[in-house]
Amino acid sequence: MISVLFAVLTALSNGSASVLQRRAALAVPDSEAMRLSLIGRLVRQKVWLAGIGLVIVAAVCQAVALATGPIAVVQPIFVIELPATLLIAGFVMRVKVTRPVWYGVAAVTLGLALAMAAADPAGGSDDVRGAAWIPALVATGAFEAALIAGALGTRGNPRAALLGLAAACGYALTAALMKDAMARLDSDGAVGLLTAWQLYATAAAGVGALFLLQNALQAGSLVAVQPMLTLGDALISVLYGVTLFGEELRAGWWLLPQLAGLALIAVGCVVLSRSPLATAGPPPGTR
């Protein structure tokens, strides 16, 4: 229950942060895309700094969640970040929340509950054994490079979607590294944590994912970014949980309700993507 509670708090914090960062990114010209100067422009905006503050809160909550539960349980809960983001965007951007939006929220929430109940993630270790990180990091690097190369060859929402998925992969990697680092804290204390390479790799992966997310938000609409970010993070995290930590999911006929849950989530995302909340920018005069 502790891991689930803090996973929900993480999702709400990240959703709020996405809305604030999107508001800040709207003020940055396209010429700053994929440049370090993009961060320089954003850091001068109070709304972006507030978003970063929420990112820090989310990171602390995520660390607690990962330290007390399997990654295949914690990370998929972040799917609720999408409906949370749009509902928060409606409040911040003063856009009315319509009935279809509530239908989309219900579909995503029920789909997550169904998929998680059917998968029933369990088992696994708290840390990664042997040299299993080597092939995982190589495969992750190749996947990220392909996504970024594809994003550089396009513009608008397609670029935003590809960079959003790249950011999701980065955040999933950050979570896996963070869980492994927290295991060192549990077994070897503060010294073990501070001397673990996973701690510093977590920081590097998190900064890289944040940079990709800022570019994704700057490149296109929130709806192009957020579904790829939330769904990609959840699915890739489950893959890390199974391959690196040895966590187990139900198989056999249990795959049917799992797929049904994923279908509900996908339908909910489509419904939410058609909402004005997904594309609305801040109206003139908004604080």
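Mentor: Start with the buried positions of α11. They are Pro257, Gln258, Gly261, Ile265, Gly268, Cys269 and Leu272. Around the helix axis they cover an arc of only 130°, so they sit on the same side of α11. Now turn to the face directed away from that buried side. There you find Leu256 and Leu259, and both are exposed. Keep in mind that this is a predicted model.

Next, check the length. Helix α11 runs over residues 255-273, which is 19 residues. At 1.5 Å a residue, the span should be 27 Å. The end C-alpha atoms of α11 lie 27 Å apart, so expectation and model agree.

Cys269 is one of the buried residues of α11. Cys61 has 10% relative accessibility, so Cys61 counts as buried. Cys169 has 2%, so Cys169 counts as buried as well. The cut-off for buried is under 20%. What about disulfides? A disulfide is a covalent bond between the sulfur atoms of two cysteines. A search of the whole structure finds zero of them.

Last, move to helix α8, residues 156-194. Arg159 belongs to this helix.

Methods
Residues are numbered from 1 along each chain as its sequence is written. This is a predicted model: local features need pLDDT of at least 70, side-chain atom pairs count only at pLDDT 80 or more; totals for chains, interfaces and linings use all residues. Side-chain values use heavy atoms; hydrogens and water are left out. Helices (H or I, at least four residues) and strands (E, at least two) are DSSP runs, numbered from the N terminus. The expected span of a helix is 1.5 Å times one less than its number of residues. Buried means under 20% relative accessible area, exposed over 50%, partly exposed in between (1.4 Å probe, protein chains only). The arc is that of the directions from the helix axis to the C-beta atoms. A disulfide is a pair of cysteine sulfur atoms within 2.5 Å.
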